[in-house]
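Open your viewer and keep the selection tool at hand. The stops below say what to pick and what to look for.

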Amino acid sequence: MNRTKLLLTLAGLLFVGALALDARSFFAKTSSHPPVVAEERLPNGHLRRTPAVATSTVDQTHTVIQPGEAPINGVLPVVLGQPASGKAGPVQLTGKLSGAYVKTGPGEAFAVFELSARMPEKVQRVPVNLALVVDRSGSMDGSKLTDAKRAAQELVRQLRDGDRLALVHFGSDVKVVPSVEITHSTRRELLSTIDAIQVNGGTHMSGGLAAGSDAVLPYAKQYRVTRVILLSDGEPTEGMTTNDGLFSTVGRMREGGITVSALGVGSGFNDTLMRGMAERGGGFSGFVSDSSELAAIFTRELEQAASTVARNVSMTLTLPPGVSGVEVMGLPSTRDGNVVRIPLYDLTGGQSARVVVKLTLDAPSNAADMNVLDTAVSYVDVAADLPSQVNLALGAKVTNDVQVVHANLDRDVRVHAIRALGTQQLQAAAEQMKSGNRESALGFLTNARKLFGSSASALAGELADLDKTQAAYGNAQSDSEVREEALNLKKKTMKNFGQNNSY
């Protein structure tokens with residue numbers, strides 16, 4: 001072997017080793033509270049915390065590329081979820097683990113679930129019960145409010161007789177046009193009312209949401225689809241102003257059968273807040289830099305609402321004995337004991353969602369098989385107007401042989417896992433871009449490149465997008481251009497995590 005080939009070989013081995021080490025420390029970099037696996041009280045009274053970094057006793061073959069490992073080419077069969085009623089509904093659930101075997105003792109594994117809504121045999125538009133909640137605070141003055149009003153009027157024109165619409169607009173105060181059934185005369189009155197909206201005051205977002213909820217709630221039982229559509233360009237300044245408080249508000253609305261979509265326009269809005277409300281509200285989110293695009297987005301929102309086949313969709317993960325931890329990648333979740341709940345968005349025919357979870361487990365040495373995860377997806381079947389559920393259980397065989405584990409890993413789940421890990425780095429990079437921390441943002445982009453690069457052929461699209469992002473970020477000349485790139489990157493992360501509820 002000549003000197004050049006030797007150097008290239010050594011460089012490649014160093015890269016693979018560095019990638020494995022980097023992947024094991026990613027969660028500590030992206031969290032203000034790194035995960036802890038052990039706490040020990042020392043003789044001097046100090047508490048020693050041992051972070052969740054891989055050791056030789058923890059099996060990580062499912063999660064990170066191991067130094068010198070052979071390529072993974074096997075693909076395991078998917079497990080098909082079974083409807084609780086025995087009759088198939090509009091939502092199909094499939095899933096599989098990152099391997100057919102887990103190693104005895106502490107370890108990690110991934111599970112990937114795909115939800116897909118079947119196209120109905122006969123496409124039928126359902127009547128909708130909507131509230132349009134529009135920000136008219138001072139920052140909306142000019143083209144943003146003009147375009148918002150034009151988009152709202154276009155929405156009114158596209159509503160059909162029998163639909164309902166309430167109009168709420170807020171500044172420091174909140175004004176409500178009560179819900180009306182759409183007819184020729186009510187449509188004309190709504191168009192005139194929208195035309196007369198003027199900017200005023202601060203941003204009482206929570207008041208606008210509460211008014212929208214109150215306006216649609218009396219009719220929710222009569223309509224199979226009830227939705228509040230929020231449009232805002234800024235941070236809330238009055239009423240409830242914290243993210244967590246507004247998330248709770250939206251969560252309660254969803255529990256009451258009201259879907260919430262949140263659209264941000266301009267450059268000053270809190271994108272984390274708007275996206276989070278849509279995630280917890282089961283609706284769509286959108287980041288719109290050009291307000292002239294609003295009319296088209298309102299049209300798509302109406303089409304999506306009117307063609308919903310499954311609403312109030314949520315996933316429940318039940319952790320069996322031996323599984324202690326679960327991280328839902330890129331989605332909000334809540335845990336109560338051994339039960340984890342994940343709110344998902346309303347689905348139209350042909351629409352899908354992917355959920356990737358990372359599991360921390362301790363496989364028994366005295367059993368041949370292990371139940372790894374019990375999953376249920378619940379939703380309301382819009383056509384039947386009935387609650388439905390699909391159940392799915394995932395299990396693996398147990399072995400003490402690492403080579404058997406590796407030989408039975410799944411290529412596709414590994415790619416999904418690496419994509420999700422890399423996308424976490426993209427999310428962190430977007431936040432650092434917004435904060436003006438250029439060096440840190442570039443560091444997270446580099447981390448993402450290492451992960452995507454470990455499956456370069458499968459993740460070529462992600463690598464190409466990353467190249468475009470890095471070039472655009474490097475060429476950005478102003479704070480507004482940097483923020484736009486951060487928002488574009490956030491949009492990409494939603495798609496990478498398998499979510500299809502953004503504009």
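At what angle do helix 6 and helix 12 pack, and how far apart are their axes? Select residues 271-281 for helix 6 and residues 479-496 for helix 12. The angle is about 25°, and the axes are 12 Å apart. Axes here are lines fitted to C-alpha atoms, for helices over the stretch in contact, and angles run from 0 to 180 degrees between N-to-C directions.

Before moving on, two notes. This is a predicted model: local features need pLDDT of at least 70, side-chain atom pairs count only at pLDDT 80 or more, and totals for chains, interfaces and linings use all residues. Residues are numbered from 1 along each chain as its sequence is written, and side-chain values use heavy atoms, with hydrogens and water left out.

**Stop 1: the helix pair**

Helix 6 and helix 12 are therefore roughly parallel (angles under 35 degrees; over 145 is roughly antiparallel, 65 to 115 roughly perpendicular, the rest oblique). Now show side chains. On helix 6, pick Asp271, Thr272 and Arg275. They meet Arg483, Leu487, Lys490 and Met494 of helix 12 (contact means heavy atoms within 4.5 Å). The residues of this contact divide into two nonpolar, one polar and four charged. Ala, Val, Leu, Ile, Met, Phe, Trp, Tyr, Cys and Pro count as nonpolar, Asp, Glu, Lys and Arg as charged, and the others, Gly among them, as polar.

**Stop 2: the aromatic pairs**

The structure holds three aromatic pairs. Rings of Phe, Tyr and Trp (its six-membered ring) pair if their centres lie within 6.5 Å; planes under 30 degrees apart count as stacked, over 60 as edge-to-face and the rest as tilted.

Select Phe269 and Phe287. Their pair is tilted, at 5.7 Å centre to centre with 40° between the planes. Phe269 sits in the loop between strand 12 (259-265) and helix 6, and Phe287 in strand 13 (residues 282-288), so the pair ties together parts 18 residues apart in sequence. Helices (H or I, at least four residues) and strands (E, at least two) are DSSP runs, numbered from the N terminus. Phe269 is buried, with a relative accessible area of 2% (buried means under 20%, exposed over 50%, partly exposed in between; 1.4 Å probe, protein chains only). Phe287 is buried too, at 5%.

Next, select Phe284 and Tyr345. This pair is edge-to-face: 6.4 Å centre to centre, 70° between the planes. Phe284 is in strand 13, and Tyr345 is in the loop between strand 17 (339-343) and strand 18 (347-348), 61 residues apart.
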